[in-house]
Amino acid sequence: MMKSRFHLINLGLYPETLPPCFVSKDAKRAFTGLVSHLDSQKFFERKSDFSRYNGTKHDGSRRYFGTPNIVSYFHTSSFIWKNWKLFDRKYKKSSYSISTPSLMEEFEDRAVRVPSLSELSKKTSENIRYAPFILKADIAQCFHSIYTHSISWAAHGVDASKDDTNANSAKNLFNALDFHVRNGQRGNTRGVLVGPDAFRLIAEFVLANLDQEIERRVGDKIVGAVRHVDDYYIGLQTEHDAQSVLSTLREILSSYELNVNDSKTRIISSLDPINDLWAQRVRDHTSLLYGYSSHEKIERSISEVISTARETKSDSAIKMLFRAFDEKKLYATEHWGYIEKNIQRIIQKHPHSVDYACLLVAKRFARGGYVDKEGWLAVASIIIRQGLAFDHHHEVLWMLWLMMVCKIEVPGEMIEEVAKSKNAHVRSFLIKANSDGRLRRKPKLSLGSGLSSVDSNWLTNLVARSEGYSKASFSGMYSEHFTHLAEKNIRLIDFEPHMQKIAERKSRAISRTRYGYDDDRTNDFDFGEDFDHDGE
């Protein structure tokens with residue numbers, strides 16, 4: 001059971017791909033005195049924008065994450081908290097899903113955990129039983145395509161929902177959630193945000209209902225099936241059955257304004273491996289690494305993984321290598337110098353791995369180990385310059401974070417260039433770094449005489465007032481709420497907690513719960529590609 005309406009705000013406001021200094025655990029304290037007022041206004045039409053974040057994908061393409069306006073998100077989170085039993089009941093009705101989110105404890109680093117792809121091969125093999133064929137189907141741009149009205153459809157049925165669209169309907173309770181979600185994305189009905197934990201729960205709610213519809217329509221033809229987020233593996237007796245089920249799947253998805261991704265959908269033999277063989281080979285190479293590994297073994301593993309990344313045109317193998325470095329604690333060995341130089345070169349060619357690299361280096365520094373500050377300044381200069389040119393916020397933020405936590409002085413000219421970025425996450429990061437005395441000069445951000453509480457700069461503006469960077473007044477429909485939060489000095493960025501945590505010997509560099517590839521209760525690595533929360 002979800003214990004607090006702030007669970008999803010305190011631990012699940014930001015996309016998990018942001019550096020760990022982006023935290024919102026202070027929200028419950030800061031909202032004190034505001035809750036009843038907000039509850040009385042929950043059906044006010046207040047359309048707010050969200051702060052965008054340009055991130056990486058394993059294949060070199062890009063994806064956008066979003067951090068929702070914290071006041072708008074309050075209403076979404078409150079609805080889920082109050083109606084958690086209905087969410088849990090819907091999840092349990094799916095006989096296919098192996099990606100049902102589970103609630104984390106309040107001391108964890110995320111609000112919910114989605115089971116990783118490491119379970120996929122085992123569960124698929126168990127569930128398809130004797131089936132000779134597998135229909136592998138993927139929902140195209142799942143999170144970006146979810147129609148917000150389908151939230152109510154999944155709860156109450158399409159006809160009943162269309163007959164009563166009142167946000168405050170006594171009959172159709174989930175109309176309210178549709179309303180809150182739209183309010184948090186400028187009124188748009190197409191898509192839900194990628195990153196915040198509330199939207200993972202909402203997406204699974206809709207998809208679990210689709211599972212029920214598939215079971216009802218063609219369950220008699222299906223030997224067994226699994227769904228991991230937006231990927232289906234359906235066991236069938238004949239190719240004809242597979243084509244028939246695919247046709248029905250297309251029809252069901254279409255009725256919810258969703259589509260099959262044809263490029264990733266195919267009928268395969270059930271003897272074909274679910275997991276890519278290259279990933280199993282990478283695991284074999286990295287399993288030989290340990291604290292007293294020879295230089296030759298480490299060099300061989302790095303070479304094999306880089307070769308695999310080139311062949312597959314995917315950075316997933318690199319992330320598996322960095323996870324192995326963490327698992328085997330190679331950041332604490334005499335081989336670190338050699339490993340560090342390789343990491344510095346690798347991330348310039350494989351940007352999807354930059355977060356794991358930074359976490360490894362930060363772990364070594366937190367434990368009192370030497371890091372190559374001169375080399376990292378040079379690498380950061382290259383990556384940040386390129387990242388700013390292309391609005392690649394992920395690489396810019398992670399390299400800045402590494403410099404902050406490893407006490408690498410940021411050159412004045414770099415501060416000036418970064419300050420030109422229009423991204424809310426980058427700008428709020430600079431404000432907090434300046435407030436903490438981590439920058440040699442104050443960044444010039446030109447926030448103006450009025451701070452919007454509802455546009456995409458809401459994060460920058462709230463941090464600016466809370467940290468004393470700006471004394472300008474808030475404008476917009478959430479101005480009084482933002483004023484309250486700023487006067488409470490809400491902390492939305494904090495560099496210290498993570499570094500204190502990873503200074504502990506038993507703490508991993510790369511959190512398995514925050515970075516979404518495995519649970520701390522197992523030592524297994526994922527096979528195959530990284531789990532992409534936007535369903536691509």
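In this predicted model, the largest nonpolar core comprises 159 residues, and those with the most contacts inside it are Ile70, Phe322, Met399 and Trp401. Helix H11 supplies the largest share of this core, eleven residues. Both domain 1 (5–269) and domain 2 (277–498) give residues to the core, so it lies between them.

Leaving aside residues up to four places away in sequence, isoleucine 70 touches Ile9, Leu13, Ala27 and Phe31, together with Trp458, Leu462, Leu485, Ile490 and Leu492. A second, separate core has eleven residues, among them Leu120, Ile134, Val223 and Val226.

Attention now turns to the sheet. Four strands make up an open sheet in the order S6-S7-S5-S8, with antiparallel pairing. Its edges are strand S6 (222–228) and strand S8 (266–269), each of which pairs on one side only. From one strand to the next, the twist averages 20°. As a reminder, strands of a sheet pair through backbone hydrogen bonds, either parallel or antiparallel.

Strand S5 has partners on two sides. With strand S7 (residues 231–236), strand S5 (residues 133–138) pairs in the antiparallel sense over six bridges. Along this pairing, phenylalanine 133 stands opposite leucine 236 in S7, and lysine 136 stands opposite tyrosine 233 in S7. Towards S8, four bridges join the strands, again antiparallel; here leucine 135 has isoleucine 267 of S8 as its bridge partner. S5 is mostly covered, with five of its six residues buried.

Helix H6 (residues 120–127) lies across S5, S6 and S7 and runs at about 160° to S6.

A separate pairing involves strands S1 and S2. Strand S1 (residues 51–56) and strand S2 (residues 62–67) are antiparallel and share six bridges. Arginine 52 finds its bridge partner in glycine 66 of S2. The hairpin of S1 and S2 has five residues between the strands, and in this hairpin glycine 60 adopts a positive phi near 95°. Five of the six residues of S1 are buried, so this strand is largely enclosed by the rest of the structure.

Finally, the cysteines deserve a word. A disulfide is a covalent bond between the sulfur atoms of two cysteines, and a search of the whole structure finds zero of them. For cysteine 358, the closest cysteine sulfur belongs to cysteine 406, and the separation of 8.4 Å is too far for a bond, given a cut-off of 2.5 Å between the sulfur atoms. Cysteine 358 is also buried, its relative accessible area being 1%. Cysteine 142 likewise counts as buried because its relative accessibility is 0%, which falls under the 20% limit for burial.

How values were computed:
Residues numbered from 1 in each chain as written. Predicted model: local features only at pLDDT ≥ 70, side-chain atom pairs only at ≥ 80, totals over all residues. Heavy atoms only, no water. Pairing = 2+ DSSP bridges. Axes fitted to C-alpha atoms, helices over the stretch in contact; angles between N-to-C directions. Contact = heavy atoms within 4.5 Å. Core = buried A, V, L, I, M, F, W, Y, C linked by side-chain atoms within 4.5 Å. Buried < 20%, exposed > 50% of the residue type's maximum accessible area, 1.4 Å probe, protein only. Domains from an automatic or database assignment.
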